[in-house]
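Please read this report alongside the sequence and the coordinates. It was written for a reader who wants definitions stated with their cut-offs.

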Number of protein chains: 2
Amino acid sequence: MILVIAGGVGAARFLSGLVQAVPPSEVTAVVNTGDDTELHGLSISPDIDTVTYTLSQSIDPERGWGLRNETWRAMESLARFEPVRPAGSSAAPRWFNLGDQDLATHFYRTARLSEGATLSEVTDEIRRAFELEVRIVPMSNDPVRTVVHLESGSVPFQEYFVRLQHSVPVTGVEFVGASTSRFIDDSLITNADTIVIAPSNPIVSIGPIRAIPGVEEALRARREHTVAVSPIVAGAALKGPADRMLVELGHEPTVVGVARMYAPICSTLIIDQQDAHLVSAVESEGVRCIATDTIMSKPGVAKSLAEVAVRATPKQGGHTWPA
Amino acid sequence: MILVIAGGVGAARFLSGLVQAVPPSEVTAVVNTGDDTELHGLSISPDIDTVTYTLSQSIDPERGWGLRNETWRAMESLARFEPVRPAGSSAAPRWFNLGDQDLATHFYRTARLSEGATLSEVTDEIRRAFELEVRIVPMSNDPVRTVVHLESGSVPFQEYFVRLQHSVPVTGVEFVGASTSRFIDDSLITNADTIVIAPSNPIVSIGPIRAIPGVEEALRARREHTVAVSPIVAGAALKGPADRMLVELGHEPTVVGVARMYAPICSTLIIDQQDAHLVSAVESEGVRCIATDTIMSKPGVAKSLAEVAVRATPKQGGHTWPA
């Protein structure tokens, strides 16, 4: 079994390559839920949905989130309520766009959770509704909420990411609820043949998973079988604020900085060809380094990257991939 | 001020005539919330929405509920989850149709209620969002839920009305929560110049309002200024199950039966021309009777009916309508 530690878009693209390289039934993605949110009474899990929609090829390829052929009638109709919303109310926000078809996913999740189902049960049902073989699990069934500290105060992750378009300096990040949360299933880490840390934001996508009690120690114990893919290429994030956030929080926004963050939990870092001149700098951080094509917007790259990743470390029990 | 005791479609049509007959700012509708429901995590108030949408001419004229030019993408997308919904789960029901534009109203209501706003505050905000001058108030800010007893067991009102299409015999009706609920504002009844009981289902639309402690007594005290419009014409309900429900629960499904139910709280009953031969039978129940056109699907009838209604009883304080 291959375990992928996953955030949203970058992880989803990596996973879509991985299922071309190995049988999907041998892949489990454990997905960040720190940026889950509640809007309009609905329970929303953006990273889980991005992974599910991407793997089922239902994702809108232009936006990278939400469903294809989407319409926005519900969101458009919310505009009517803006003039009557009292001062101080945050009802009917329009900055977080929910497509009409996408709403059905949130309706189902919300209703099942209110019936007492766990997030992992609902996530698996939704995965099956999208006819996927890959196992998709939330990092925890307990609520963990990423809060971003700004100079002006603290905001929930989605307010930073979507409403403020991650264009404001970050002074800190906190994973509220993490310290009392339980990891979804310790055996996922213990029993995985290979663990891949997907090319996701190290701080706000992978960070919440590492913050769950026991996960960091469990990953350290599996360091020899763990490979990470750098989300930083040539000093920049391919998508999102990872590069600026790394700088703002005292890290180096390069593959070397990524290596330093992941060295305790992985033995190999895959970096892009563009950073090939940094291989020895990465290795001086104590991890093996492989330079290859990692920019998955080009056809075929996700699959070849996944093949490199699964071959990058020795497999527990001597398995080889692909079978 | 004219107070209209209102259910859904019939009351909404009467109100749309009334605002042509008198200044809308002098009209208050107190609306049944016994058939409110929660679906997908959303708070839904069908009668309030029907009144609001009808008065703002946003209603779909064919269906009589929901918004014009509606689409159903969210509902259609729910179908995906039916195969994976566990046995015993009622998540993602598709029998209660919610249009994509209509969802925005439920999003706003749900978010405001979860912020701590009362249903009357939210209802007023939504009324203003639809640019209405008529005051629309829920019968109570406390939850009252109409439960329909069937031979096979009990179901919430919307399950009877929508899912079962009110095609099963009713053995009883119960207003859960009514006995501990508070009427929205006693002064509405005390201070109204005229009170009109709209042509709504006497049992499940007007019944919940009468079941709130104090309302029946307050209405009895205002009997001389109260007029009702019969929802039964020629022995049948114009819409919905009122006729069968009257029979099943031991009432007579005629204007005489309606007169008997309303005699304690109204001094005048308006019936349709088709029932003109029953005027003296109605009056033998102790109410004055006026026969006129009441079928509001014909143009102009709602306005003329409203004019008859506001002139039907002496006004408190000697006011006359229209001003």
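The sections below go from the basis of the model to the chain, the pairing of the copies, the helices and some loop residues.

## Basis and numbering

The model is predicted: local features need pLDDT of at least 70, side-chain atom pairs count only at pLDDT 80 or more, and totals for chains, interfaces and linings use all residues. Residues are numbered from 1 along each chain as its sequence is written, while chains are lettered from A and ligands numbered from 1 in the order in which they are written.

## Chain A overall

Chain A has 13 helices and 14 strands; helices (H or I, at least four residues) and strands (E, at least two) are DSSP runs numbered from the N terminus. The C-alpha trace of chain A spans about 60 × 40 × 40 Å along its principal axes.

Of the 323 residues of chain A, 52% count as buried. A residue is buried if 20 or more other C-beta atoms lie within 10 Å of its own, exposed if 12 or fewer, and partly exposed in between, with C-beta atoms placed from the backbone. Among contacts in chain A between residues at least 6 apart in sequence, 68% join residues at least 24 apart. Two residues are in contact if their C-beta atoms, placed from the backbone, lie within 7 Å.

## Pairing of the two chains

In the interface, 29 residues of chain B are in contact with 29 residues of chain A. On the chain B side, α3 (73–78), α4 (100–114) and α5 (119–129) each supply at least two residues, and α4(B) gives the most, with ten residues. By class, this side has 14 nonpolar, eight polar and seven charged residues. Ala, Val, Leu, Ile, Met, Phe, Trp, Tyr, Cys and Pro count as nonpolar, Asp, Glu, Lys and Arg as charged, and the others, Gly among them, as polar. The same surface serves both copies, as 100% of the contact residues of chain B recur in chain A.

## Packing of α1 and α2 in chain A

Two packed helices are described by the angle between their axes and the distance between the axes. For helix α1 (residues 9–21) and helix α2 (residues 46–55) of chain A, the axes come within 9 Å and cross at roughly 35°. Axes are lines fitted to C-alpha atoms, for helices over the stretch in contact, and angles run from 0 to 180 degrees between N-to-C directions. The crossing of α1(A) and α2(A) is right-handed; a crossing is right-handed if the near helix is turned clockwise from the far one by less than a right angle, and left-handed if anticlockwise.

α1(A) contributes A:Val9, A:Ala11, A:Ala12, A:Arg13, A:Leu15, A:Ser16 and A:Val19 to the contact, and α2(A) contributes A:Thr50, A:Val51, A:Thr54 and A:Leu55. These residues divide into seven nonpolar, three polar and one charged.

## Helix α5 in both chains

In α5 (residues 119–129) of chain A, the buried residues are A:Leu119, A:Val122, A:Thr123, A:Glu125, A:Ile126, A:Arg127 and A:Ala129. Their cover includes α2, α4 (100–114) and β5 (135–138) of chain A. A:Glu131 follows the helix and has a positive phi, near 60°.

In α5(B), B:Leu119, B:Val122, B:Thr123, B:Glu125, B:Ile126, B:Arg127 and B:Ala129 are buried. Elements covering them include α2 (46–55), α4 and β5 (135–138) of chain B. Just after α5(B), B:Glu131 takes a positive phi of about 55°.

## Loop residues of chain B

B:His166 is not a glycine, yet has a positive phi of about 35°. This residue lies in the loop between α6 (157–163) and β8 (170–176) of chain B, and counts as partly exposed because it has 17 C-beta neighbours inside 10 Å. B:Ala234, also not a glycine, has a positive phi of about 50°. B:Ala234 lies in the loop between β11 (232–233) and β12 (236–237) of chain B and, with 14 other C-beta atoms within 10 Å, is partly exposed.

B:Arg182 is found in the loop between β8 and α7 (186–191) of chain B. It is partly exposed, with 13 other C-beta atoms within 10 Å. Leaving aside neighbours within four places in sequence, B:Arg182 is in contact with B:Ser140 and B:Asp142. The C-alpha atoms of B:Arg182 and B:Asp142 are separated by 6.8 Å, the two residues being 40 residues apart along the chain.
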